[in-house]
Amino acid sequence: MDLNQLKALLLHTDPGFWDHLKTLTRSAQDFEELFLLSSLRKKARARKLVSLKPPREKLRLAILGGYSLYPLHELIEHVCEVEGFPLELWRGDYDNYISEIMDDHSGLYSFAPDVVFMLPAERRCIYAGKLTDARELQAADARRTVDSLLELARRANEKTRAEIILTNFMLPVRHDPGAFRSRTLGSDWTFRKWVNLELGLSAPPYLHLCDLEFLAHRLGGLAARDERAWFESKQPCSPALMIELAREVAQLILSLKRAPKKVLALDLDNTLWGGVVADDGLDGIELGDTSPRGEAFKAFQKYLVSLKQRGVLLAVCSKNDLARAAEPFEKHPDMVLKMEDMVSFKANWEPKSENLRAMASELNLGLDSFVFVDDNPAEIDIVRQFAPEVTTILLGPDPADYVAQLADSRLFEPRNLTSEDAERTSQYRADSQRKTLEASVTDMASYLQSLEMEAVISEFAPVDVPRLSQLINKSNQFNLTTRRRSEAEVTAVMNDPEYAGYSMRLKDRFGDHGLISIVIGRQAGETMHLDTWLMSCRVLKRQVEEEVLNEAARLAKARGCTRLQGVYLPTPKNEMVRDFYGRMGFTLTTESETKREFVLRLDNFQPLPTMIKVTRRAYEPLQQT
Amino acid sequence: MNQAEVIAKLQTIFDNLFLEPVALTPSVSAKDVPEWDSLTHISMMVSVEKAFNVRFRVGEVENAKNVGEFADLIIKRTMEP
């Protein structure tokens, strides 16, 4: 597919246009190409060529800064829209961002953005004094620069509740003032590095840094700048950097709304080691420090371990004899990955698409949270065809590039890394041990008792906000309403007295599950509306639901409510909770294609008995134990 | 390269850029082509600089009033060592 074919689809108003537009947009290398794709998109809209997928609600993005934001806004809008997130844009005037934020009556505030993107002027990020001034003086100035940016972000967030995206500063690329630059905070080079570091390290959760310093470094400092474009039309950077910047902003916006991938399923032969273990034998495969190729495979394995430590679940999906495939994991001295690093190990002769499906159902995860990696194009193609929800990565011909390929795929980037991410593999492993126990204990009640479960229920607290938002944005199956909320929105709920939001953490004798269930209730008179109720599927059938309901009833009564009202909003993924409220004793009141409403009267409600020991309840101090 | 040859090469760039074909002549200017707005213009300059391997100086492109003058500017810049 090339541009001319895309144009032909547009001229024939063929809806296939949109899929090809997405593919070409993802692979576009230069500014002109991306730009042209964007104008084709606008022409398609003008010709009423509609996509087959139903349009999502538009996200409201305000762009402001110390530069002309035209045509940057165009590219950001394009990338977001082809990825399925159309934008409603508001663009600030050239270099008017400070007053747009400080003035309560500015267009920024009447626009009511969901996300604000701010590109501050680098000409204000300088030390005005002498290179030889006292360092304390220079540092105080850098701190003031950081504080004033943080203050702008804080104000914009406070007024709009929007997530804020803020770029940091590109570094200079000219030699002046020579080697002395690194011996003083007064040089632009050191001053901006310092400001960038401080900005990133002191940013609050609602503030997302768009790392322009990194992007320019990645592209090359000289290629990132374009003085003529500044003089002619006040552009922030070269066209080459602008497409990287637009993609980065889009990535940040999308990551607010889109869950990261959870599982990385790996092929074995020529993916984790060189050669074919069933043919070459344990001694014949290339792995380890004795050859450059073997070193490259080992480095790839080390990178995979680092992903695991970040919370990515690793799995094996290989066409192989199970015993032969397992041998390197058990016996090869240079294997970095071990059997216990894998949450699932499929080595057999079934199609890989089927193995991935089986894995998904074992792990209780959607196929769309899977990434599959293979060096064989035929295997990749089978997965693309028969398990299209899975994201695939076809490894290139050189194992030296494997790490770069995965590291640039941007599929496993944490937003705000939570300590619970790192715990997840051990949780899943403990889960399978638990299932073994479950099989051996015949009586469910004595099984639950033997787990020695303990729960802590907490009202929403600032320290939990990243994890709360993460779970709210990625839970699909046990999620009654699938209402997504950014960190800023969770904070807004936390601070609104109309709302009661709480979460439950669960541990048992096999391990700590972390934060696994969230409820948001909104009080209206004597009714508590259950706006959100979700739970991690790892703890299904553990009486967590009952204990969470007990808490909802307790909190509602404490606020003088006489009834709980629940609603189920169907999605392709949450069928499992269609009758959840019914099972919990609620009465169905209304039913339609798009929603089912339930009510539970609280006057006669008795807390449901469970085997979970609750050591703390929401809005209460820790109980003495 | 003479003006006609430059315009012929510009034609292929324009064909790529615009959905509706535009026949370029020396007297055509941006106001004659509905799709030629200031956004397209930026993208067009990047394409032209790449195709002809030239670098315009600050402010000079906006002084060219039509395709003919623009082609002359390209010739002037390609003649430079």
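Reader: What makes the largest nonpolar core, and which residues have the most contacts inside it?
Author: In this predicted model, the largest nonpolar core has 82 residues. A nonpolar core joins buried residues such as Ala, Val, Ile, Met and Phe through C-beta atoms within 7 Å. The residues with the most contacts inside this core are A:Val116, A:Phe117, A:Met118, A:Ile164, A:Met242 and A:Ala246.

Reader: Which helix gives the largest share of this core?
Author: Helix α12 of chain A, residues 239-257, gives nine residues. The core also draws at least three residues from each of domain 1 (1-53) and domain 2 (55-257) of chain A.

Reader: What does A:Ile164 touch?
Author: Contact needs C-beta atoms within 7 Å. Not counting residues up to four places away in sequence, A:Ile164 touches A:Val116, A:Met118, A:Ala153, A:Ala156, A:Asn157, A:Tyr206, A:Leu207 and A:His208.

Reader: How many residues are in the second core?
Author: The second core has 44 residues and is separate. Among them are A:Ile457, A:Val465, A:Ala552 and A:Tyr581.

Reader: Why is A:Ala265 called buried?
Author: Count its neighbours. A:Ala265 has 27 other C-beta atoms within 10 Å. The cut-off for buried is 20 or more. The count of 27 meets that cut-off, so A:Ala265 is buried.

Reader: Where does A:Ala265 lie, and what does A:Ala265 touch?
Author: A:Ala265 lies in strand β6 of chain A, residues 263-266. Leaving out residues up to four places away in sequence, A:Ala265 touches A:Ala315, A:Cys317, A:Leu356, A:Met359, A:Phe370, A:Val371 and A:Phe372. A:Leu209 is 56 residues from A:Ala265 along the chain, and their C-alpha atoms are separated by 31 Å.

Reader: How do you know what span is expected for helix α8 of chain A?
Author: The expected span is 1.5 Å times one less than the number of residues. Helix α8 of chain A, residues 188-202, has 15 residues, and 21 Å is expected. From first C-alpha to last, the helix reaches 21 Å, close to that expected value.

Reader: Which residues of α8(A) are buried, and what covers them?
Author: The buried ones are A:Thr190, A:Phe191, A:Arg192, A:Val195, A:Asn196 and A:Leu199. Their cover includes α7 (135-160), β5 (207-210) and α9 (212-219) of chain A.

Reader: How many residues of chain B are in contact with chain A?
Author: 11 residues of chain B are in contact with 14 residues of chain A. On chain B, α1 (3-17) and α2 (38-52) are the elements that give two or more residues to this side. The largest share, six residues, comes from α2(B). By class, this side of chain B has six nonpolar, five polar and no charged residues.

Key
Residues are numbered from 1 along each chain as its sequence is written. Chains are lettered from A and ligands numbered from 1 in the order in which they are written. This is a predicted model: local features need pLDDT of at least 70, side-chain atom pairs count only at pLDDT 80 or more; totals for chains, interfaces and linings use all residues. Helices (H or I, at least four residues) and strands (E, at least two) are DSSP runs, numbered from the N terminus. A residue is buried if 20 or more other C-beta atoms lie within 10 Å of its own, exposed if 12 or fewer, and partly exposed in between; C-beta atoms are placed from the backbone. Two residues are in contact if their C-beta atoms, placed from the backbone, lie within 7 Å. Domain bounds come from an automatic or database domain assignment. Ala, Val, Leu, Ile, Met, Phe, Trp, Tyr, Cys and Pro count as nonpolar, Asp, Glu, Lys and Arg as charged, and the others, Gly among them, as polar.
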